[in-house]
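Hi everyone, thanks for coming. I'd like to walk you through a structure today, starting with the overall picture and then stopping at a few spots. Have a look at it first.

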Amino acid sequence: MKATRNLTALAAVVAAGIAIGPAETAAQGYPNKAITIVVPAAAGGPTDTVARLIGESMGKTLGQQIVIEYAAGAGGTLGAGRVARAAPDGYTLLAGSVSTHSFAPIISSKLPYDPIKDFAPIAMLAVPALSILVNPSVPVHNVKELIAYAKA
């Protein structure tokens, strides 16, 4: 039950996950090399767009190169698994989503990562707007009518 609550909480945000690293990273003047943001989806989609916008701003603010790396496949689990296995030094970030941290654990019992233990959310980057659309020929104008139409 507790795991379900945690997954539900993770599903409510789109977060960038970072593997938790040692405290000495901060003492070395983080960041002192390029930072990679892994996008676990195809180029050109909404996750890519957000990662690029955030990466550009981060690069200017931090004075470091931000590399966007694509690792699409398996509903985002390939990219999330890559970040989970990366050195826990803060230089490999994940543009995670409900796909990688909520849907995937429900669909697969053999993920290459633990969505709760392997990541620490550091920022909410976007809240996607979701819509239900129907063809104009369907005689409904709201969700209540759509449900009644579907039941009929």
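So, how confident is the predictor here? The protein averages a pLDDT of 84, and 82% of the residues score at least 70; pLDDT is the predictor's confidence in each residue, from 0 to 100. This is a predicted model, so to speak of local features I need pLDDT of at least 70, and side-chain atom pairs count only at pLDDT 80 or more, while totals for chains, interfaces and linings use all residues. Residues are numbered from 1 along each chain as its sequence is written, and side-chain values use heavy atoms, with hydrogens and water left out.

A contact, by the way, means heavy atoms within 4.5 Å. Where pLDDT is low, the predicted coordinates should not be read in detail.

Now the layout. There are 6 helices and 5 strands, and from the N terminus on they run α-β-α-β-α-β-α-β-α-β-α. These are DSSP runs, numbered from the N terminus: helices are H or I with at least four residues, strands are E with at least two. Of the contacts with a separation of 6 or more, 74% are between residues 24 or more positions apart. Buried residues make up 32% of the 152 residues; buried means under 20% relative accessible area, exposed over 50%, and partly exposed in between, with a 1.4 Å probe and protein chains only.

Let's stop at helix α3. It covers residues 46–62, and at 1.5 Å a residue its 17 residues should span 24 Å; the end C-alpha atoms are 24 Å apart, which agrees. That expected span is 1.5 Å times one less than the number of residues. Which residues of α3 are buried? They are Asp48, Ala51, Gly55 and Gly59. Down the axis of α3, these buried residues fall within an arc of 65°, so they line one face of the helix; the arc is that of the directions from the helix axis to the C-beta atoms. An α-helix has 3.6 residues a turn, so residues three or four places apart point the same way. The cover over the buried residues of α3 includes β2 (35–39), β3 (66–70) and β4 (92–95). On the other side of α3, Pro46, Leu53, Lys60 and Thr61 are exposed. Just after α3, Gly63 takes a positive phi of about 70°.

Most residues other than glycine have a negative phi, and most peptide bonds are trans. Yet a cis peptide bond joins Tyr30 and Pro31, with omega about -5°; Pro31 lies in the loop between α2 (24–27) and β2. Then there's Ala74, whose phi is near 55°, a positive value in a residue other than glycine. Ala74 sits in the loop between β3 and α4 (77–85), and Ala74 is exposed, with a relative accessible area of 54%.

Arg85 is in helix α4 and is exposed, at 59% relative accessible area. His101, in helix α5 (residues 98–107), counts as buried at 8% relative accessibility.
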